[in-house]
Amino acid sequence: MLRRLATRPEPRLRAIARAAKESLLHIKGLQAARALPVPAPPPSARQAKPGPPQRTIFDAASTETLPGTLVRKEGMPPVGDAAADEAYDGLGDTHTLYADVFERNSIDGAGLKLDATVHFGKLYDNAFWDGHQMVFGDGDGEIFQRFTRSLSVIGHELAHGVTQYTAGLAYRNQAGALNESMSDVFGVLVEQYARKQSASEANWLIGEGLFTDAVQGAALRSLKAPGTAYDDDVLGKDPQPDSMDSYVRTTADNGGVHINSGIPNRAFYLVASELGGNAWEAPGHIWYGTLTSGSLPAACTFGKFARTTIATAEELFGSGSPEHDAVLKAWETVKVKV
Amino acid sequence: MKITVRRSGGIAAMTRVWSVNAVSADDKERWMPLVEACPWEEAKALSRTANQPDRFMYSIRAGQRRATLPDREVTGPWEELVESAKAEGSESRGQR
Ligand SMILES: [Zn+2]
């Protein structure tokens, strides 16, 4: 940690100090923290090393009762149930990204225990973060297989927890689409970091491998090419727009939170693609710095978010740096006014 | 009486719609008690509660009555109605 800090450019140190300050704040609970003045971080805050994960996997046995029966605790060997073991590994990979890359100690920045329930409900076609833990269904077997099959989905759900403890973006309209986009961005980063894939090697998909063979589609969403993840006779076509020109106005899905997220998703991909190398490095730090900046309102708009990524890129890498320029260009390409 | 259950949201955000047309006397006898058992008035307050990320949202219609419920509120008589419509209704993919 100290060695890595020492090799970082000076502006990034400031951002890390700020992020540490933020995570301290959020220990006290998001709602209270938002109203409080920012205290000076104690000298130890910057050195606080994220601890190992503390994972517990439960089995709901096809009921909708949470958390269910404990099946695997931290340090226990695989239990032989694919869903339980995939959830355990996925929670570990997610914890590793935040700890290694962003120096974040679990979802809340304070070592939150990571609980997940598998086999939730009957033929349940979903996975979600309930505010405290992760929940995975088995899928109906016709369209969806079990939701633990995709590491990006596990990373997506846990990122909802990170957003809850940091920016607290409302789950509606543009703020909701940003909330969704944060989960897609950090979801793909979890997968890319675990596979050690560069931006050009990665698939940039959310939920690869979830569909059964009967479905014409690669995944739920594509950050690289929103609107192209699936095109199926029964499911229809992936409805995501890839720029503000095709922004969707709807009251369904909390104001299209899973639809318009395609726009900020593509902005992130464009930054990563422009800069090359690993997306969890400069692009990931700009997005993480933005999420934890303390300057995003709960009802954040795309414009406000874009301006904050630009300010964060400037703060971390300097005005006129390739990183700063890449962020400006990405928002221009997806036609978000800054 | 037409009964429609529309499920939107979820991490995949794919809308599914199940509908039942209860026309015959037998059908009405089967479905009316399921509909009458639901607390339609109480549901009005629930439609405005914030939903958790990636959870399903149910929009339920039965004749002139309608309710919008987050997944976790679909319990008791609502669950009975929704599960019956899923099992016995005809399915179509909804437009967003
Ligand atoms: Zn989500």
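Reader: How many of the 23 residues of α6(A) are buried?
Author: This is a predicted model, and every value here is computed from it. Helix α6(A) is mostly covered. Its buried residues number 20 of 23.

Reader: What length does α6(A) reach from its first C-alpha to its last?
Author: Helix α6(A) has 23 residues. At 1.5 Å a residue, 33 Å is expected. The model comes close to that, with a reach of 33 Å.

Reader: Which residues does Lys196(A) touch, not counting residues up to four places away in sequence?
Author: One neighbour is left out by that rule: the backbone oxygen of Tyr193(A) lies 2.6 Å from a polar atom of the Lys196(A) side chain. Asn278(A) is 82 residues apart from Lys196(A) in sequence, and 8.3 Å apart in space, C-alpha to C-alpha. The residues touched are Glu201(A) and Trp280(A).

Reader: Which residue of chain B is a donor of the zinc ion?
Author: Chain A supplies His156(A), His160(A) and Glu180(A) as donors. The protein donors lie 2.0 to 2.3 Å from the zinc ion. Glu180(A) sits in helix α6 of chain A, and its partner across the chains sits in the loop between α2 (40-46) and β3 (56-62) of chain B. That partner is Asp54(B).

Reader: Are Glu180(A) and Asp54(B) buried or exposed?
Author: Buried means under 20% relative accessible area. Glu180(A) has 0% relative accessibility. Asp54(B) has 0% relative accessibility. Therefore Glu180(A) counts as buried, and Asp54(B) counts as buried.

Reader: How many salt bridges does the structure hold over all chains?
Author: Side chains of opposite charge can pair when their charged atoms come close. One of these pairs is Asp85(A) with Arg72(A), at 2.8 Å, N to O. Over all chains, the number of salt bridges is 16.

Reader: How many residues apart are Asp85(A) and Arg72(A)?
Author: Asp85(A) is in helix α4 (residues 82-102) of chain A. Arg72(A) is in strand β2 (residues 69-73) of chain A. Asp85(A) counts as buried at 11% relative accessibility, and Arg72(A) counts as buried at 5%. The pair links distant parts of the chain, and the separation is 13 residues.

Reader: Which residue meets Glu86(A) in a salt bridge?
Author: Glu86(A) lies in helix α4 of chain A, and its partner lies in the loop between β5 (134-137) and α5 (151-165), so the pair ties together parts that are 60 residues apart in sequence. Glu86(A) counts as partly exposed at 23% relative accessibility. The N to O distance is 2.7 Å, and the partner is Arg146(A).

Reader: Which helices hold Lys329(A) and Glu274(A)?
Author: The side chains of Lys329(A) and Glu274(A) meet in a salt bridge at 3.0 Å, N to O. Lys329(A) is partly exposed at 44% relative accessibility, and Glu274(A) is partly exposed at 45%. The pair ties together parts that are 55 residues apart in sequence. Lys329(A) lies in α11 (residues 322-333), and Glu274(A) lies in α8 (residues 262-275).

Reader: What area do chain A and chain B bury between them?
Author: Here 31 residues of chain A are in contact with 19 residues of chain B. Carbon and sulfur atoms carry 54% of the buried area. The area is about 2,000 Å².

Reader: Which element gives the most to the side of chain A that touches chain B?
Author: The count between the chains is one salt bridge, and Arg16(B) meets Asp125(A) at 3.2 Å, N to O. There are also 11 residue pairs in polar contact between the chains. On the side of chain A that touches chain B, β4 (127-129), α5 and α7 (252-256) each supply at least two residues. The element that gives the most, with four residues, is α5(A).

Terms used. Residues are numbered from 1 along each chain as its sequence is written. Chains are lettered from A and ligands numbered from 1 in the order in which they are written. This is a predicted model: local features need pLDDT of at least 70, side-chain atom pairs count only at pLDDT 80 or more; totals for chains, interfaces and linings use all residues. Side-chain values use heavy atoms; hydrogens and water are left out. Donors are N, O and S atoms within 2.8 Å of the metal (3.2 Å for Na, K and Ca); water is not among the atoms, so sites may look incomplete. Buried means under 20% relative accessible area, exposed over 50%, partly exposed in between (1.4 Å probe, protein chains only). The expected span of a helix is 1.5 Å times one less than its number of residues. A salt bridge is a side-chain nitrogen of Lys or Arg within 4 Å of a carboxyl oxygen of Asp or Glu. Contact means heavy atoms within 4.5 Å. Buried area is the accessible area (1.4 Å probe) that two parts lose on being put together, summed over both. A polar contact is a pair of N or O atoms within 3.5 Å; within protein, one must be able to donate a hydrogen and the other to accept it, and residues adjacent in sequence count only if both atoms are side-chain atoms.
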